[in-house]
Amino acid sequence: MLSLTPRIDTNLQSLLDDHEFLAELLDALGSPLNLVLPRQLAANVAAFRETYRRHRLGGRLYYAHKANRSGALLRELAAGDTGVDVASLGELQHALGAGFTPDRIVATGPKNREFLWLAARTGVTVSVDSADELAELAGIVAGHRLPRVPVSLRLAGFTSTGVRVLTRRSRFGTPAGRLPELLDVLEKHPDQLELTGVAYHLDTVGLPEKAVALEGCLAALDACRARGLRPRSLDIGGGFGVNYLADGAEWDRWTTELGQAVLGRRPRMTWDGHGYGLRAENGTLRGTLALYPAHRPVSGAAYLDRLLGTPAPELGRPLGELLLDHMYDLDIEPGRALLDQCGLVLARVLSADGDAVRLDLNARDVSLEEHGVLMDPVVIPRTGDRRAGPAAVHLFGNLCLEADLITRRTVFLPVLPRPGDLLAFVNTAGYFMDFSATTALRQPVARTVAVHRSGGRHRWCLDEQYWPVHPRQETR
Amino acid sequence: MRYDDITEAIGATPLVRIDPAVHGLANVDLYAKLELLNPFGSVKDRAAWHMAGPLLSGAAPGDTLVELSSGNTAKALALLAGMHGVPFKSVTNRMKVPEIKELLLLLGAEIDELPGQSECLDPTDTDDPLTRMHQRLAASGGGYLHTDQYFNERNVDAHAYGTGPEIVKDLDGRAPDYFVACVGTAGSSTGVARVLRQHHADVEVVGLVAAKGDFIPGIRTIDEVHEVGLFDPAVYDALETIDADDAIDGLLTLVRRCGILTGPTGGGAFQGAVRFLRTIDAGLTSRKTAVFIVCDRVESYLSYVRDRRPELFGRPPRRNSAGTLTGAELAAAPVLGVGDAQRWLTETNAVVVDLRSPYAFQALHIAGSINIVDEVFAELLPAGLPFSRRRPVLLVCPVGEKSARYSALLTRMGHPDARSLHGGIIAWRDAGAELVRD
Ligand SMILES: Cc1ncc(COP(=O)(O)O)c(C=O)c1O
Ligand SMILES: Cc1ncc(COP(=O)(O)O)c(C=O)c1O
């Protein structure tokens, strides 16, 4: 059995154990169904805060809203002390409506005029990608006679000396070497723009690249000061990662076996011999494994801790100490990591015939495969009777498309599911829940419900009905 | 021995018998092939010269030699390229051994570190580092000489012409019964095995790779080895894994008992060989010979060993270090709040010592202060007080923790008036007190 057992914390497990509750929800609201657990957020926020505390750093934690559309998750965070990173006009409206005040919002990503106007009108911080965008923003502020807007300058393309640390090219941010052009624009519009600091976000798991970027931002902040500006924060974006699997040995074993399968030295373990980026050429394994490193012992707040402890490539002093020495605030924009253990997607089994298990959801409803995250679903049997297992199955979606496989991996389940059983795809709140959901073929998009535990049992409401105004009613 | 250039000193390395008291095998004579005695320090000298020689002699002005290597191949190629006035660039996934990185820079090599995996998956991005490098070389439209060690047959040939025949010659024309080698590019093990089998069809060849998830610099893991073009599983009668602990155990044995200054893979090869031979030793009815390769030297791996066995480098605790302060000493550290500190500074001629990094100090500091970064400060104290007892001192750090520790330490060392700025320079700034930039 080549299992990839998901990591499940006690609260999520207690929900999974509540078979009757889940079955009732699915009967009432249809398959598929998204469940979010807003009350789980606090623990993740606390873990990041603990890392800040350990490094004696101050600064804001902005939740990267793009990771999940849920209003319940957003409102729960609005009730606390975190901020939010919005990447579209719709997300900004959503955040304002959820109760975030503008001083707790940063606008990132591609921006149209309307997005810039609402950001400027409400006074949220704008993370600016280019000199043109900065000038456009200044024009909007001047034209509409708006108050000064706080801006942070997103930089990219940092250079290293000695060993050249390469980074994939990004379409966002201004090359660090062109900072002076941004500062020229800022100097031209002192009544429209107020610099808060600089920012980067790198799409990589690699610490050395982030260390180069962070040190590059410190140099950029110094250049801002030399021009008489008063920056106070460094925003290092998101990308702290999640550990999805319970057991590293399972991941090691599965990836080793996949290589052997691609080389033809063992039976296939994927649909059609799919290699997830690996291929065989004359008996040699080529390509790279295009999968998220699902077992990541150092992730989330621990990854931030590791980054802050990493010596700056040039100055040699740990990055966290340099930030502190400079008295800069450290801002972060975690999406995935903040949503660890905060949700799951439920689907009904339509049929189970041989190794073919058909589900009433499709690959867009739970986009694990698209994001390269491999972990097993949890079987929730409808009736308590014993059944045969283990079973090696393929999970097929409800779209009339050959490619609609929930995963191309052969999945090993402890029991063979039956029609009517439920499958739970756990820990899917960060990016895999409704990120790519579609109504193609008029298949329904999943409803989202917020679940919490109180008075000794699970309770739920529709996502849009959830407001964090609960009286203190937790179970003792 | 007199040579016209250093490349003539490549090869002809000694084969040295390991004292049976060390390996404990009753029926096997175990020999080490000392590749560490090659002029650039490793087994890779042979392959590097054999692959790069023809390329370098045909090099056009402006050509650059490139290779995907983070270790000995890069070192040998850098030296060879330097001799020919050709620049050398090493492209690596991750340069994990700091001493080697530094050494390569010293040798004049340029190093490119490839990016890490993307956090938000791009499923179309499935190129391995080697393919990506080939693409970069193709896109650059020439000017690159690529030795391509993972696929280049000349890597194998270097050992089929050199290392293998030397072993046979030193064993009086006979191949050993067992041959054990670590596998990086598979060049040395494949080339040697080929020659040995020509002399003795039954020689047993054991390849050693690192356990999955482990790291032994210079060799591949059990998974990675399948990405090597020269690797052919049929070459090996057995492919065994060793881990970093084995490598260091073997290294210590060879270094401390045999006078062989081996690096980790030589240590791993010794440990792997003994482990393998021990299982058959008792059943042997005649004397057998076994050979393993000592690939390179220990000096480049001090930090690698230190990270895994800090106790081997144990030093006595230092005098006057902040780590030796007691809770009571810390609690008694003299501190001043921002307001009091401002007043005290105008009343006394106290010196303000800022313990932050120079870069941060230069950006913004308390007027008239001097900067001694905490690491340097810690280095000064074992030798005694770095300033006069007659001058009061205010220590400043970001939040007032480090400065409190050092004021306690200075007090213990006999300074009568060393104080710490409570809340640090952040409290100073937040109180609106003056900070300057010179
Ligand atoms: C600017 C920015 N910030 C934050 C994030 C969140 O990243 P993650 O969910 O990996 O933490 C992203 C993700 O794409 C981003 O583009
Ligand atoms: C230290 C060390 N040991 C062993 C090897 C393995 O040699 P080969 O590449 O011939 O398999 C290498 C090769 O890079 C090495 O650097």
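Taken over C-alpha atoms, the centres of domain 1 and domain 3 of chain B are 56 Å apart. This is a predicted model, in which local features need pLDDT of at least 70 and side-chain atom pairs count only at pLDDT 80 or more, while totals for chains, interfaces and linings use all residues. Residues are numbered from 1 along each chain as its sequence is written, chains are lettered from A and ligands numbered from 1 in the order in which they are written, and side-chain values use heavy atoms, with hydrogens and water left out.

Let's begin with the domains, whose bounds come from an automatic or database domain assignment. Chain B splits into domain 1 (6–43 + 154–307), domain 2 (44–152) and domain 3 (323–430). In chain A, the division is into domain 1 (10–37 + 341–475), domain 2 (39–241 + 293–339) and domain 3 (248–287). The C-alpha centres of domain 2 and domain 3 of chain A are separated by 39 Å.

Now for the ligands. A residue is near a molecule if one of its heavy atoms lies within 4 Å of it. Around ligand 1 there are 13 residues, of which A:G239, A:E333, A:G335, A:R336 and A:Y431 come nearest. Residues from chains A and B surround ligand 1, so this site is shared between chains. Around ligand 2 there are 16 residues, with B:K44, B:G184, B:T185, B:S188 and B:T265 the nearest. The shell of ligand 2 has seven nonpolar, seven polar and two charged residues; here Ala, Val, Leu, Ile, Met, Phe, Trp, Tyr, Cys and Pro count as nonpolar, Asp, Glu, Lys and Arg as charged, and the others, Gly among them, as polar.

The table lists polar contacts of both ligands, a polar contact being a pair of N or O atoms within 3.5 Å.

| Residue and its part | Ligand atom | Distance |
|---|---|---|
| A:D85, side chain | ligand 1, nitrogen | 3.3 Å |
| A:G335, backbone | ligand 1, oxygen | 2.9 Å |
| A:R336, backbone | ligand 1, oxygen | 2.8 Å |
| B:N72, side chain | ligand 2, oxygen | 2.9 Å |
| B:T185, side chain | ligand 2, oxygen | 2.6 Å |
| B:S188, side chain | ligand 2, oxygen | 2.7 Å |

How much of each ligand does the protein cover? On its own, ligand 2 has 390 Å² of accessible area (Shrake-Rupley method, 1.4 Å probe), and the protein covers 96% of it. Ligand 1 taken alone exposes 400 Å², of which the protein buries 90%.

On a 1 Å grid over the protein atoms alone, a cavity is a set of points where a 1.4 Å probe fits but cannot get out, and a pocket is an open set with protein on both sides within 12 Å along at least five of seven lines; lining residues have an atom within 4 Å of a point. Residues lining the largest cavity include A:L368, A:M375, A:I406 and A:F425. By class, this lining has nine nonpolar, one polar and two charged residues.

The second largest pocket holds about 940 Å³ of space. It is lined by 38 residues, and A:K66, A:F172, A:H201, A:D203 and B:C120 are the closest to its centre. The lining of this pocket has 12 nonpolar, 13 polar and 13 charged residues.

Definitions and conventions:
Grid points are joined across faces, edges and corners, and a volume is the space filled by probe spheres set on the points. A polar contact is a pair of N or O atoms within 3.5 Å; within protein, one must be able to donate a hydrogen and the other to accept it, and residues adjacent in sequence count only if both atoms are side-chain atoms.
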